[in-house]
Amino acid sequence: MNWEWRLGSRGQGRFFPIPHSPFPIPHSPIPNSLKMLSYSLIAPAKINLYLEIIGDRSDGYHELAMILQSIGLADQIDVRSINTDNIRVHCNHPQVPTNKSNLAYRAAELMVKQFPEAFAKYGGVDININKQIPVAAGLAGGSTNAAAVLVGIDLLWKLGLTQSELEELGGRLGSDVPFCVAGGTAIATGRGEQLSPLPSLDKIYIVLAKYRSLEVSTPWAYKTYRQQFGHSYIRDSDNLAARANAVHSGKIVKAILDKNTREIAQKLHNDLERVVLPAYPQVLQLREVFANQEGVLGAMMSGSGPTVFALVESQKQAEQVKLQVREAILDEDLELFVTQTITHGIQVASSV
Ligand code: C5P
């Protein structure tokens, strides 16, 4: 059976799966017929259309102003109750750990800690990750898996958590996890966990490129940025807040509101390029090769990299750009994907 999310208004709406059905759908409580033992979830990747580092935070993180965008490239996460009292993680990708160092594992652990009675009632959780999103890529692959586990366990244990509650739990796991819950297009400030949704940007075609064996450490990127550019950080808390707020009236947000893809592409920005591009010439080269292709409206590194993405006008052009980049960089290590912007985060694909 196919399912889709019913998202209520932010903070109040419960994350509630409803079947695709022409008949009236019960809202609450969930009838017995809908009590599922396993859920299969779609966990989309994200790109950063905008990433500005504003200053330091007392918790050691950075104060950011970002625009995050969900994309069609996604992992599939199967979450199922098991008759044991442990958490198990499996993954088809050899580089992905299946122990506590996996954010999806830690998401399940957090749910166990938060909801001990539900854990006692429903038992352990088995998590299977079908990885399609490149790992350590700046695409929030780990974060979106963690978000899917939070949503999946919320459903399995019939907790009826709201979007805000899921986002709050996500924020304890990582800065990008809250966004991954509902996805779409959003401004993210603070550590990245304070979200203001923007009207969704649907079906902008994207080409992504990543060298399989190239990884950039996110802590390294931020630490290096602080070392090199920390002197220009805003220190005064009022000014910090004003700067973060300014993104709401910035040119890229206007372009998003106008649904002007060309203008969005012109205004792409990522401060972390200032440290990653000089240290990783392959990423710089990718960025330049993309920028020179016909049909590319704009190209940028996503997050802390090393993935580079290009916004392209049509699917046909995107396929063409993929071929051209493949021809320009003859390296088997380079992975290329054609995808598009999407309007949602975690979705239920099926349930049993
Ligand atoms: O929150 P998350 O675990 O994804 O962050 C990874 C690393 O990125 C942090 O350990 C920190 O070094 C850096 N970071 C930061 N400021 C942020 C987000 C991340 O310095 N707002």
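**Reading the backbone and the ligand shell**

Author: Let us begin with a loop: alanine 136 sits in the loop between strand E6 (124-130) and helix H3 (141-156). Please bear in mind that this is a predicted model.

Reader: What is the value of phi at alanine 136?

Author: The general idea is that most residues other than glycine have a negative phi. Alanine 136, however, has a positive phi, near 45 degrees, and is not a glycine. In the loop between E6 and H3 one also finds alanine 140, where phi is positive as well, about 60 degrees.

Reader: Is alanine 140 buried or exposed?

Author: A residue counts as buried if 20 or more other C-beta atoms lie within 10 Å of its own. Alanine 140 has 31 C-beta neighbours inside 10 Å and therefore counts as buried. Alanine 136 has 19 other C-beta atoms within 10 Å, so it is partly exposed.

Reader: Which residues does a cis peptide bond join?

Author: In general, most peptide bonds are trans. Here a cis bond, with omega about 5 degrees, links glycine 305 and proline 306. Proline 306 belongs to the loop between strand E11 (296-301) and strand E12 (308-312).

Reader: Which residues surround the ligand?

Author: Among them are Tyr61, His62, Asp176, Arg191, Thr218 and Tyr222. Strand E4 (62-82) and helix H6 (218-229) each give two or more residues to this shell, and H6 gives the most, with 3 residues. By type, the shell divides into 4 nonpolar, 5 polar and 2 charged residues. Domain 1 (3-198 + 342-351) and domain 2 (205-340) each supply at least three residues to the shell.

Note on methods. Residues numbered from 1 in each chain as written. Predicted model: local features only at pLDDT ≥ 70, side-chain atom pairs only at ≥ 80, totals over all residues. Near = placed C-beta within 6 Å. Helix = DSSP H or I, 4+ residues; strand = E, 2+ residues; numbered from the N terminus. Nonpolar A, V, L, I, M, F, W, Y, C, P; charged D, E, K, R; others polar. Domains from an automatic or database assignment. Buried ≥ 20, exposed ≤ 12 C-beta atoms within 10 Å, placed from the backbone.
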